[in-house]
Amino acid sequence: MPHTHPTHHYQLPHFEGDILQITDLHFSYPDGHAALHGIQLCLAQGEKVALVGPNGAGKSTLMLHLNGILGDSGAVTVAGLPLNPKTLPQIRAAVGLVFQNPDDQLFSPTVFEDVAFGPLHMGLPEAEIHIRVDAALESVRMSAYRERLSHHLSVGEKKRIAIATVLAMNPRLLVLDEPSAGLDPRARRTLIHLLRDLPITMLVSTHDLALAKELFPRMIIMDEGRIVADGPTLELLQDQGLLEAHGLEKP
Amino acid sequence: MHADAFDRYYHAESPLHRLDPRVKVFLTVAFILSNALLSDGVWAAFGLAWLLILFANRFSGLGVEFSFKRSFIALPFALAAVSAIFIPAGQPLAEWTIGPIQLVPTDFGLMRFASILLRSWLSVQAGILLVAVTQFPDMIHAFEHLRVPAILTTIIAFLYRYLFVLTDEVMRLLRARESRSAALPGLKSGGSLFWRARVAGNMAGQLFLRSYERSDRIYNAMLARGYQGQMRTLRSHTMTRRDWLILSLGLFALIFLQLLARL
């Protein structure tokens with residue numbers, strides 16, 4: 001059931017070409033720990049890509065660069081816009097970043113207020129906000145939770161609400177940090193169906209190689225702040241030596 | 001992404017670091033008390049107090065100017081005493097008129113202001129040095145030995161421990177908001193001031209709820225490990241002969257300083 005958002009107004013300007021371009025991205029944390037060493041990466045529109053690698057490989061750090069939470073260099077271009085302080089608000093509308101821990105994502109008392117935050121901040125008219133919140137909750141199958149208190153939901157429910165909070169912003173690129181971590185099998189299955197049906201370009205970091213195999217035709221392996229492999233998921237998963245060298249297990 | 005901006009302990013191997021924390025806490029409190037008891041304008045006694053601080057710095061292994069360099073942080077608070085300059089006593093030094101207000105600084109007022117400034121500046125340096133050479137758990141331990149009520153020391157210990165956790169939580173909340181603060185071309189973004197204030201209020205509420213629930217979980221974890229209302233540490237402190245010696249020397253120096261001020 002492919003889901004389409006009902007609105008076509010209030011969109012980012014049209015553009016051609018790759019949705020995401022990263023050229024030679026370096027980053028060190030203030031304590032001196034170097035997290036990224038020369039990342040090169042292009043994502044075409046409509047691609048669904050898995051980002052895998054051991055803990056501490058730099059996956060989360062890379063993701064925080066995609067909407068300018070970290071980093072200030074001109075290495076990242078999103079939807080044709082080079083990332084700089086001036087384009088930052090538009091880039092945040094283009095990139096929907098979902099944090100690993102949904103408690104980090106949700107900061108409002110009710111589900112509705114959290115999902116409405118992005119559209120409200122963009123200054124959309126009230127009718128449009130209601131349409132978007134309903135559509136976003138519908139696409140994560142949480143419509144019945146509109147008026148619930150976020151902090152009393154289960155982890156799986158919080159995860160889906162967290163995804164809805166960025167879907168309501170109609171992003172061009174969805175970036176998810178370990179979406180299946182900590183979910184029970186049923187919640188994981190629901191999430192897989194949800195991600196499969198969303199017609200948005202996706203970059204998803206995960207330790208769940210079975211999920212990567214099922215959902216993402218392309219896979220990127222990171223280790224020690226570098227991209228060590230980038231190719232078709234099925235091919236990379238055949239390469240036992242490569243997987244073992246970077247602490248991964250064939251599903 | 002961790003906040004450790006609050007920790008002011010500087011590790012070093014020095015006589016002052018090795019000194020029993022009780023002696024350090026006691027002498028610091030006594031030093032601050034002694035400063036408070038000095039009358040205005042006894043410059044020799046202030047000078048001697050400063051020498052004592054320099055002396056303590058010298059034995060901290062952190063450099064003679066260590067506490068001096070960090071003491072300016074307290075200056076803005078001392079400015080609260082600025083009004084002392086205009087005490088109507090002694091000789092007037094000048095006359096300033098600002099609109100309808102007339103300000104007359106006097107020599108007595110100026111001396112009083114300088115004395116207040118010096119007292120607070122010396123006391124702050126002692127505090128800075130104390131936290132720089134004493135690890136926080138040791139300090140709490142010292143408070144306990146000095147008969148500070150357990151409820152207070154426990155609160156201080158937990159406050160210190162969870163300050164870092166809370167700051168991290170705040171940083172994550174802010175990051176989440178920043179991440180979804182977007183704009184579209186042609187639309188005014190940011191929402192109304194009232195709405196932004198409400199979001200900030202909600203976030204403060206979230207922080208309170210999370211801290212409250214976390215405190216419950218932590219307390220349960222403590223009970224599960226046998227907590228009965230008292231924190232125990234393995235660092236058993238015993239006063240050596242050296243500790244007693246330094247305690248007596250320090251107290252003797254402070255008494256001498258007080259006598260000098262009263263001559």
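In what order do the four strands of the open antiparallel sheet of chain A lie? The order is β2-β1-β4-β5 (chain A), with strands taken as DSSP runs of E of at least two residues and helices as runs of H or I of at least four, numbered from the N terminus. The model described here is predicted, so local features need pLDDT of at least 70 and side-chain atom pairs count only at pLDDT 80 or more, while totals for chains, interfaces and linings use all residues. Residues are numbered from 1 along each chain as its sequence is written, and chains are lettered from A and ligands numbered from 1 in the order in which they are written.

At the edges of this four-stranded sheet are β2 (34-43) and β5 (81-82) of chain A, each of which pairs on one side only; two strands pair if DSSP finds at least two bridges between them. β5(A) is joined to strand β4 (residues 76-78) of chain A by two bridges in the antiparallel sense, and A:Thr77 has A:Pro82 as its bridge partner in β5(A). The loop between β4 and β5 of chain A holds A:Ala79, a residue other than glycine with a positive phi, near 45°. A:Ala79 counts as buried because 24 C-beta neighbours lie inside 10 Å; the cut-off for buried is 20 or more other C-beta atoms within 10 Å, with 12 or fewer for exposed, partly exposed in between, and C-beta atoms placed from the backbone.

A second open sheet of chain A has six strands in the order β6-β7-β8-β3-β9-β10, with mixed pairing. Its edge strands are β6 (95-98) and β10 (226-232) of chain A, and the twist from one strand to the next averages 15°. β6(A) runs parallel to strand β7 (residues 173-177) of chain A, and four bridges join the two. Among the residues involved, A:Val95 has A:Leu173 as its bridge partner in β7(A). Helix α6 (residues 155-167) of chain A lies across β6 and β7 of chain A, at about 165° to β6(A); axes are lines fitted to C-alpha atoms, for helices over the stretch in contact, and angles run from 0 to 180 degrees between N-to-C directions. In the loop between α6 and β7 of chain A sits A:Asn170, which has a positive phi of about 50° although it is not a glycine. A:Asn170 is also buried, because 24 other C-beta atoms lie within 10 Å.

What about the core? The largest nonpolar core has 78 residues, of which A:Val78, A:Ala136, A:Ala164, A:Leu173 and A:Val175 touch the most other members. Such a core is a set of buried Ala, Val, Leu, Ile, Met, Phe, Trp, Tyr and Cys residues joined through C-beta atoms within 7 Å. Leaving aside residues up to four places away in sequence, A:Val175 touches A:Met63, A:Leu66, A:Val95, A:Gly96, A:Leu97, A:Val98 and A:Leu203, contact being C-beta atoms, placed from the backbone, within 7 Å. Apart from this core lies another, of 29 residues, including B:Leu19, B:Val23, B:Phe31 and B:Leu254.

In chain B, helices α2 (residues 21-37) and α6 (residues 107-133) pack at an angle of about 175°, with their axes 9 Å apart. α2(B) is therefore roughly antiparallel to α6(B). In these terms, angles under 35 degrees count as roughly parallel, over 145 as roughly antiparallel, 65 to 115 as roughly perpendicular and the rest as oblique. Among the residues making the contact are B:Phe31 of α2(B) and B:Leu122 of α6(B).

Conventions. Two residues are in contact if their C-beta atoms, placed from the backbone, lie within 7 Å.
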